[in-house]
Amino acid sequence: QIPKDPARRRVRELAMLSKQLQQVHPNVLAKVLKQGTVYQNEEIVVINKPYGLPVHGGPGIKNCIADVLPILAKMLENMKAEPLHLCHRLDKETTGVMVLARSKEVAERIRLLFKTRQVEKVYWAISLGDPDPTEGIVEIPIMEKEVRSHQSHYKMTLAPNYRLSPEDGKVLKIRKNRNAESAVTRYRLLASSSACSLLELQPITGVKHQIRVHLAYGLGCPILGDHKYSHWSKLAPQKLPEITLKRLKLEQSKARHLPLHLHAHRLSLPLGKRIDLVCKPPPFFQKTLKKLELDIAND
């Protein structure tokens, strides 16, 4: 039963996105990843990671990238191949450039490049609101904290090194929290319309959920579809501005079906020579750009 109303159809499409990936046969999943291959040489294979697909397994996860790497290797190499190796991770909801290594040694080398920040990473995100200023650097440490509410849960949050003195409003340096990790994100506004922005982001460090936390809590511009970091104290669907809902042809009550609009757009790897890897955003991301009239000069 496919709904006639385009808005309802769209909601259904979005809700099905990650569900389907959990129900397909591993061979089918490997085939999907193979079709999403954007680059390969004798050392690496680069895929465009689909939405809603976790990199690692866990409770309740039937399908993940790690599990199908042996199958994918065989599909790419006519049956007699070593399994591929993961070099870095992307969140389940993040799409885009993902590098796999053909051997353990190459994987180690690439992991070290990530660790020593020699890999240039560029993400695209659609956010609510415009960042002010329109480009800059967010440099605020991040740590994990328990949110005590009617449903207690854990979230990454900001742990700033400074605060304002209540007496005279002067900036005071405070002691760094032992559990906080340094986090640095560069950002730049590419387009804005319909109460939303298209941002280009460069995470200089690689802390868990860094881009999401820096945008939501550092700049006050949560990523569209980021239901986790749009409120601090509760787990609730993101509240969207009227104009955004209208353009997306969505009711607020259905906002929870909006996927996270965060895409690993470009990755530059110094492997001997610099390899520049680019992935187009997935169809749902491109549709949202169109609907919100976030026009971007194609690069």
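The C-alpha centres of domain 1 and domain 2 lie 23 Å apart. This is a predicted model, in which local features need pLDDT of at least 70 and side-chain atom pairs count only at pLDDT 80 or more, while totals for chains, interfaces and linings use all residues. Residues are numbered from 1 along each chain as its sequence is written, and side-chain values use heavy atoms, with hydrogens and water left out.

**View 1. Domain 1 meets domain 2.** An automatic or database domain assignment gives domain 1 (1-116) and domain 2 (120-292). Here 29 residues of domain 1 are in contact with 30 residues of domain 2 (heavy atoms within 4.5 Å). Together the two domains bury about 2500 Å², 69% of it on carbon and sulfur atoms; this is the accessible area (1.4 Å probe) lost on putting the two parts together, summed over both.

**View 2. A salt bridge between aspartate 91 and arginine 212.** The side chains of these two residues meet at 3.4 Å, N to O. The rule (a side-chain nitrogen of Lys or Arg within 4 Å of a carboxyl oxygen of Asp or Glu) finds one salt bridge across the interface of domain 1 and domain 2. On the side of domain 1 that touches domain 2, the elements giving two or more residues include helix H1 (6-23) and strand S4 (95-101); helices are DSSP runs of H or I with at least four residues, strands are runs of E with at least two, and both are numbered from the N terminus. H1 gives the most to this side, with seven residues.

**View 3. The buried side of helix H2.** Take a look at H2 (residues 26-35), whose buried residues are Leu29, Ala30 and Leu33 (under 20% relative accessible area, 1.4 Å probe, protein chains only). They sit on the same side of H2 because they cover an arc of only 100° around the axis, taken from the directions from the helix axis to the C-beta atoms.

Technical notes. Buried means under 20% relative accessible area, exposed over 50%, partly exposed in between (1.4 Å probe, protein chains only).
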